[in-house]
Amino acid sequence: MARLVTFAVVLIALLVVANLDTFKSEKVNNEPFDLKKQEQAYADHLKTLEELEQKRLALLHPVKKEEEVVEEGPLVVLDTPQLVKGSELYKSCVVCHGKKGEGKKSQKAPHIGGQMEWYLEKQLADMKSGARINKVMDPYLKKLEAQDFKDLAAYISKLPWGEEK
Ligand code: HEC
């Protein structure tokens, strides 16, 4: 028993001596405590945390870009009585030729918006006289007169040519 105790004591003593060196080489910070510096460090730390929180929230709730409202201006500026009349008459044509005169495949109605005025007027007059046969449009042209064709042509020719549909 005594041997064991001696052995243990010697072993502990050896360990202490062996570690004295590291204990000595350990640097000790003797700087005086600087309250201002610590406060600044703490404030910086809080700022970093706040920034991280903002980033986290931004990722969680991405801000939706406000949808751009594209105001569609009037298709044609109705600055003459003829254009006003033409736009009124054109309402009955929209079913087949479309609001912008873009035409409709399902109706086999061609694109007429932005077409030349004289051409439009001639086609309508020819359809009415029978020089050009267009059975589909016949009922729509019956009520219309030469002046109506002029008004319609003036309005339709001012429609934007746009994309083919
Ligand atoms: C029921 C459908 C329908 C309606 C309504 C209609 N159209 Fe048409 N329109 C057609 C079709 C189909 C054609 C092509 C006919 C052909 O084969 O020549 C056409 C052709 C035309 C053309 C000739 C285009 C070209 O390039 O030669 C003009 C101009 C026209 N329509 C104007 C009008 C106007 C103006 C109105 C309203 C008063 C009108 N249409 C109403 C179906 C319609």
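Some conventions before the contents. Numbering starts from 1 along each chain as its sequence is written, and side-chain values use heavy atoms, with hydrogens and water left out. Because this is a predicted model, local features need pLDDT of at least 70 and side-chain atom pairs count only at pLDDT 80 or more, while totals for chains, interfaces and linings use all residues.

I start with the ligand. Where does the ligand sit? The ligand is in the largest pocket. A pocket here is an open set of points on a 1 Å grid over the protein atoms alone, where a 1.4 Å probe fits, with protein on both sides within 12 Å along at least five of seven lines. To sit in a pocket, a molecule must have more than half of its atoms within 2 Å of the grid points.

Helix H4 (94-97), helix H5 (117-129) and helix H7 (146-158) are the elements that give two or more residues to the shell. Helices are DSSP runs of H or I with at least four residues, numbered from the N terminus. H5 supplies the largest share, 5 residues.

There are 23 residues around the ligand, and those that come nearest are Cys93, Cys96, His97, Arg132 and Met137. Near means a heavy atom within 4 Å. By class, the shell holds 16 nonpolar, 5 polar and 2 charged residues. Nonpolar covers Ala, Val, Leu, Ile, Met, Phe, Trp, Tyr, Cys and Pro; charged covers Asp, Glu, Lys and Arg; the others, Gly among them, are polar.

Now the polar contacts, meaning N or O atoms within 3.5 Å. The side chain of histidine 97 places an N or O atom 2.8 Å from a ligand nitrogen.

Next, the rings. How many aromatic pairs does the structure hold? There are 2, counting Phe, Tyr and Trp (six-membered ring) with centres within 6.5 Å; planes under 30 degrees apart are stacked, over 60 edge-to-face, the rest tilted.

Tyrosine 90 and tyrosine 155 make a tilted pair, 5.7 Å between centres and 45° between planes. Tyrosine 90 is in helix H3 (residues 81-90) and tyrosine 155 in helix H7, 65 residues apart. Tyrosine 90 is buried at 2%, under the 20% relative accessible area cut-off (1.4 Å probe, protein chains only; exposed is over 50%, partly exposed in between). Tyrosine 155 is buried too, at 9%.

Tryptophan 118 and tyrosine 119 have ring centres 5.9 Å apart and planes at 85°, so this pair is edge-to-face. Tryptophan 118 is exposed at 56%, and tyrosine 119 is partly exposed at 31%.

Notes: A polar contact is a pair of N or O atoms within 3.5 Å; within protein, one must be able to donate a hydrogen and the other to accept it, and residues adjacent in sequence count only if both atoms are side-chain atoms. On a 1 Å grid over the protein atoms alone, a cavity is a set of points where a 1.4 Å probe fits but cannot get out, and a pocket is an open set with protein on both sides within 12 Å along at least five of seven lines; lining residues have an atom within 4 Å of a point.
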